[in-house]
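Here's a quick briefing to read with the model open beside you. Have a look at the structure below, then work through the notes.

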Amino acid sequence: MLLSGSSEDYGLKYFAAFTGCSAESEASFNTIVFLAEKVNELNLQRVCQIESGNGKIAKTVISNSKNRKAKIVTFDSLQSTTKEQIKKGTTYLNAMEKNLDALKEALN
(Lines give C-alpha, C1' and ligand atoms only; values in the text may rest on other atoms or scores of the structure.)
Protein backbone atom coordinates (compact mmCIF):
# COMPACT_ATOMS: atom_id res chain seq x y z
CA MET A 1 0.00 0.00 0.00
CA LEU A 2 1.45 3.37 -0.94
CA LEU A 3 0.81 6.16 1.54
CA SER A 4 2.34 9.53 2.23
CA GLY A 5 3.93 9.12 5.62
CA SER A 6 4.02 5.72 7.20
CA SER A 7 1.21 3.21 7.53
CA GLU A 8 1.49 3.64 11.30
CA ASP A 9 0.50 7.30 10.87
CA TYR A 10 -2.87 6.04 9.62
CA GLY A 11 -3.28 3.13 12.02
CA LEU A 12 -2.81 0.59 9.23
CA LYS A 13 -0.87 -2.65 9.31
CA TYR A 14 0.29 -4.44 6.21
CA PHE A 15 2.15 -7.58 5.29
CA ALA A 16 4.08 -7.75 2.02
CA ALA A 17 5.82 -10.31 -0.15
CA PHE A 18 8.81 -7.97 -0.53
CA THR A 19 10.17 -5.09 1.53
CA GLY A 20 10.43 -1.81 -0.35
CA CYS A 21 11.01 -1.95 -4.07
CA SER A 22 12.23 -5.33 -5.14
CA ALA A 23 13.58 -6.61 -8.43
CA GLU A 24 12.54 -10.11 -7.38
CA SER A 25 9.63 -11.62 -9.26
CA GLU A 26 8.95 -14.66 -7.10
CA ALA A 27 8.13 -14.75 -3.42
CA SER A 28 9.66 -17.52 -1.32
CA PHE A 29 7.61 -20.51 -0.17
CA ASN A 30 7.85 -19.28 3.42
CA THR A 31 6.59 -15.84 2.42
CA ILE A 32 3.57 -17.31 0.62
CA VAL A 33 2.77 -19.48 3.64
CA PHE A 34 3.14 -16.51 6.01
CA LEU A 35 0.85 -14.31 3.90
CA ALA A 36 -1.76 -17.07 3.47
CA GLU A 37 -1.74 -17.59 7.24
CA LYS A 38 -2.32 -13.83 7.72
CA VAL A 39 -5.31 -14.00 5.35
CA ASN A 40 -6.66 -16.82 7.53
CA GLU A 41 -5.79 -15.27 10.90
CA LEU A 42 -7.29 -11.87 10.04
CA ASN A 43 -10.14 -13.29 7.95
CA LEU A 44 -9.12 -11.00 5.09
CA GLN A 45 -11.45 -10.59 2.14
CA ARG A 46 -8.96 -8.65 -0.02
CA VAL A 47 -5.34 -9.10 -1.08
CA CYS A 48 -3.64 -6.04 -2.57
CA GLN A 49 -1.09 -5.74 -5.33
CA ILE A 50 0.40 -3.01 -7.50
CA GLU A 51 -0.39 -2.70 -11.19
CA SER A 52 2.98 -3.90 -12.39
CA GLY A 53 2.41 -7.31 -10.81
CA ASN A 54 0.99 -10.14 -12.84
CA GLY A 55 -1.23 -11.26 -9.98
CA LYS A 56 0.60 -14.55 -9.54
CA ILE A 57 1.71 -13.90 -5.96
CA ALA A 58 -1.71 -12.59 -4.87
CA LYS A 59 -3.47 -15.55 -6.52
CA THR A 60 -1.03 -18.00 -4.90
CA VAL A 61 -1.57 -16.46 -1.46
CA ILE A 62 -5.35 -16.68 -1.88
CA SER A 63 -5.25 -20.25 -3.20
CA ASN A 64 -3.20 -21.29 -0.17
CA SER A 65 -5.55 -19.63 2.31
CA LYS A 66 -8.89 -20.79 3.66
CA ASN A 67 -10.61 -17.87 1.90
CA ARG A 68 -10.29 -18.80 -1.76
CA LYS A 69 -12.97 -16.21 -2.60
CA ALA A 70 -10.83 -13.26 -1.49
CA LYS A 71 -10.59 -10.55 -4.12
CA ILE A 72 -7.45 -8.96 -5.49
CA VAL A 73 -7.36 -5.16 -5.29
CA THR A 74 -4.85 -3.37 -7.49
CA PHE A 75 -3.15 -0.07 -6.70
CA ASP A 76 -1.46 2.10 -9.31
CA SER A 77 2.09 2.97 -8.27
CA LEU A 78 2.54 4.96 -11.49
CA GLN A 79 5.77 3.03 -12.07
CA SER A 80 4.51 1.48 -15.28
CA THR A 81 2.51 4.39 -16.71
CA THR A 82 3.30 4.70 -20.42
CA LYS A 83 3.49 7.76 -22.68
CA GLU A 84 0.50 6.33 -24.53
CA GLN A 85 -1.57 6.28 -21.32
CA ILE A 86 -0.59 9.87 -20.62
CA LYS A 87 -1.60 10.88 -24.16
CA LYS A 88 -4.97 9.20 -23.53
CA GLY A 89 -5.48 11.31 -20.40
CA THR A 90 -3.93 9.43 -17.48
CA THR A 91 -2.90 11.96 -14.85
CA TYR A 92 -1.46 11.72 -11.39
CA LEU A 93 -4.73 13.00 -9.96
CA ASN A 94 -6.99 10.46 -11.67
CA ALA A 95 -4.56 7.64 -10.80
CA MET A 96 -4.73 8.68 -7.14
CA GLU A 97 -8.53 8.91 -7.31
CA LYS A 98 -8.58 5.31 -8.57
CA ASN A 99 -6.20 4.38 -5.73
CA LEU A 100 -8.63 5.98 -3.27
CA ASP A 101 -11.42 3.79 -4.66
CA ALA A 102 -9.12 0.76 -4.40
CA LEU A 103 -8.24 1.66 -0.79
CA LYS A 104 -11.92 1.97 0.10
CA GLU A 105 -12.56 -1.46 -1.41
CA ALA A 106 -9.55 -2.99 0.35
CA LEU A 107 -10.67 -1.66 3.73
CA ASN A 108 -14.28 -2.88 3.42
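Helix 1 (residues 29–41) and helix 2 (residues 56–63) pack at an angle of about 60°, with axes 8 Å apart. This is a predicted model, so local features need pLDDT of at least 70 and side-chain atom pairs count only at pLDDT 80 or more, while totals for chains, interfaces and linings use all residues. Residues are numbered from 1 along each chain as its sequence is written, and side-chain values use heavy atoms, with hydrogens and water left out.

**How the two helices pack**

- The axes here are lines fitted to C-alpha atoms, for helices over the stretch in contact, and angles run from 0 to 180 degrees between N-to-C directions.
- Helix 1 and helix 2 are therefore oblique to each other (under 35 degrees is roughly parallel, over 145 roughly antiparallel, 65 to 115 roughly perpendicular, and the rest oblique).
- The crossing of helix 1 past helix 2 is right-handed, meaning that the near helix is turned clockwise from the far one by less than a right angle.
- On the helix 1 side, Ile32, Leu35, Ala36 and Val39 do the touching, and they meet Ile57, Thr60 and Val61 of helix 2 (contact means heavy atoms within 4.5 Å).
- Sorted by class, that contact has 6 nonpolar, 1 polar and no charged residues (Ala, Val, Leu, Ile, Met, Phe, Trp, Tyr, Cys and Pro count as nonpolar, Asp, Glu, Lys and Arg as charged, and the others, Gly among them, as polar).

**The aromatic pair**

- You'll find 1 aromatic pair in the structure (rings of Phe, Tyr and Trp, the last by its six-membered ring, pair if their centres lie within 6.5 Å; planes under 30 degrees apart are stacked, over 60 edge-to-face, and the rest tilted).
- Phe15 and Phe34 make up this edge-to-face pair, at 5.8 Å centre to centre with 70° between the planes.
- Phe15 sits in the segment before helix 1 and Phe34 in helix 1, so the pair ties together parts that are 19 residues apart in sequence.
- Phe15 is partly exposed at 37% relative accessible area, and Phe34 is partly exposed at 38% (buried is under 20%, exposed over 50%, and partly exposed in between, with a 1.4 Å probe and protein chains only).

**Positive phi without glycine**

- Asn43 isn't a glycine, yet it has a positive phi of about 50°.
- Asn43 lies in the loop between helix 1 and strand 1 (46–50), and it is exposed, with a relative accessible area of 53%.
- Leu78 isn't a glycine either, and its positive phi is about 65°.
- Look for Leu78 in the loop between strand 2 (71–75) and helix 3 (83–87); it is partly exposed at 26% relative accessible area.

**Ile72 and its contacts**

- Ile72 is in strand 2 and counts as partly exposed at 28% relative accessibility.
- Setting aside neighbours within four places in sequence, Ile72 is in contact with Val47, Gln49, Gly55, Ala58, Lys59 and Ile62.
- Ile72 and Glu105 are 33 residues apart along the chain, and their C-alpha atoms are separated by 9.9 Å.

**The whole chain**

- The protein chain has 4 helices and 2 strands (DSSP runs numbered from the N terminus: H or I of at least four residues for helices, E of at least two for strands).
- Along the sequence, the pattern is α-β-α-β-α-α.
- Of the chain's 108 residues, 23% count as buried.
- Among contacts between residues at least 6 apart in sequence, 59% join residues at least 24 apart.
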